[in-house]
Structure formats: structure tokens, C-alpha cells
Amino acid sequence: AVAMAESYLLDQKRLLPCAAYLTGEYGYTDLYMGVPVVLGAGGVEKIVQLDLTDDEKAMLAKSAKSVQGIVDVVKKAV
């Protein structure tokens with residue numbers, strides 16, 4: 001959290017893992033996911049797309065499914 005705050009406040013443009021809103025990155029849209037980003041004074045200035053192995057893609061898909069499940073539950077409750 002401190003590294004994130006410093007990067008934002010001091011416009012350090014550091015590469016950090018953060019929850020970011022995806023708009024097609026990693027094959028996901030309209031979903032917040034933990035991904036590598038460049039964080040600076042503008043907040044998330046760039047989402048960095050890494051080449052993932054098949055195992056890593058499967059783990060990301062599992063994570064995305066869990067996040068989407070939580071989003072769906074919250075939407076039904078509202």
C-alpha cells in the first residue's frame with residue numbers, strides 16, 4: 001500500500017500489481033482483476049500484458065470466474 005501511495009503521490013510510474021478495470025486486457029472485459037500496471041500520478045496509467053503460460057492462463061481464468069461470481073452475487077443483492 002505504501003509503494004502504491006508513493007508511486008501515485010510522487011508520480012514514480014512504478015510497475016506494481018494492482019486491481020485494475022480490464023477492457024479487453026488478458027481477454028477480460030468489464031471486470032476488476034489484479035494485474036501488473038504502471039502506477040503514477042494519473043492512477044493506473046497502463047496495464048502491462050504479460051505472455052502467460054497455459055497453466056498461468058488457467059489460474060487467471062479460475063480467478064476471473066471467482067471474481068465474476070462475487071460481482072454477480074452483489075448485483076443480485078442490490
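**Figure 1. Salt bridges of the predicted model.** A search of the whole structure finds two salt bridges, a salt bridge being a side-chain nitrogen of Lys or Arg within 4 Å of a carboxyl oxygen of Asp or Glu. This is a predicted model, in which local features need pLDDT of at least 70 and side-chain atom pairs count only at pLDDT 80 or more, whereas totals for chains, interfaces and linings use all residues. Residues are numbered from 1 along each chain as its sequence is written, and side-chain values use heavy atoms, with hydrogens and water left out. Side chains of opposite charge can pair when their charged atoms come close.

**Figure 2. The network of Asp11, Lys13 and Glu45.** These three residues, Asp11, Lys13 and Glu45, are linked in a network of salt bridges. Between Asp11 and Lys13, the closest N and O atoms are 3.0 Å apart. Glu45 and Lys13 meet through their side chains at 2.7 Å, N to O. Glu45 belongs to strand E3 (residues 43-47) and Lys13 to the loop between H1 and strand E1 (14-23), so this pair ties together parts that are 32 residues apart in sequence. Helices (H or I, at least four residues) and strands (E, at least two) are DSSP runs, numbered from the N terminus.

**Figure 3. The three-stranded sheet.** Three strands form an open sheet in the order E1-E2-E3, with antiparallel pairing. Strands E1 and E3 stand at the edges, each with a single partner strand, so one side of each is left without a neighbour in the sheet. From one strand to the next, the twist averages 55°. Helix H1 packs on the sheet and touches E1, E2 and E3, its direction making about 85° with that of E1. Contact means heavy atoms within 4.5 Å. Axes are lines fitted to C-alpha atoms, for helices over the stretch in contact, and angles run from 0 to 180 degrees between N-to-C directions.

**Figure 4. Pairing of E1 with E2.** Strand E1 is joined to strand E2 (residues 29-40) by 10 bridges, and the two run antiparallel. Two strands pair if DSSP finds at least two bridges between them. Which residue of E2 stands opposite Leu15? Leu15 faces Val38 in E2. Ala20 stands opposite Met33 in E2, and Leu22 opposite Leu31 in E2. The two strands E1 and E2 form a hairpin with five residues between them, and Gly24 in the turn has a positive phi of about 115°.

**Figure 5. Pairing of E2 with E3.** Four bridges connect E2 to E3, which run antiparallel. Val37 stands opposite Ile47 in E3. Between E2 and E3, which form a hairpin, there are two residues.

Figure 6. Leu9 has its place in helix H1 (residues 2-9). Is Leu9 buried or exposed? At 65% relative accessibility, Leu9 counts as exposed. Together with Tyr8 and Leu10, Leu9 forms a nonpolar patch on the surface, with about 360 Å² of accessible area for the three together. Patches are made of residues with over 30% relative accessible area and no salt bridge, like charges being joined within 9 Å and nonpolar side chains (Val, Leu, Ile, Met, Phe, Trp, Tyr) within 5 Å. Ala5 is also found in helix H1, and Ala5 is partly exposed, with a relative accessible area of 34%. Ala5 and Asp51 are 46 residues apart in sequence and 27 Å apart in space, C-alpha to C-alpha.

**Figure 7. The protein as a whole.** The secondary structure comprises two helices and three strands, following the pattern α-β-β-β-α along the sequence. Along its principal axes, the C-alpha trace spans about 40 × 35 × 20 Å. Of the 78 residues, 26% count as buried. The protein exposes about 5,500 Å², of which carbon and sulfur atoms supply 60%. Accessible areas come from the Shrake-Rupley method with a 1.4 Å probe; for residues, only the protein chains shown count as cover.

Terms used
Buried < 20%, exposed > 50% of the residue type's maximum accessible area, 1.4 Å probe, protein only.
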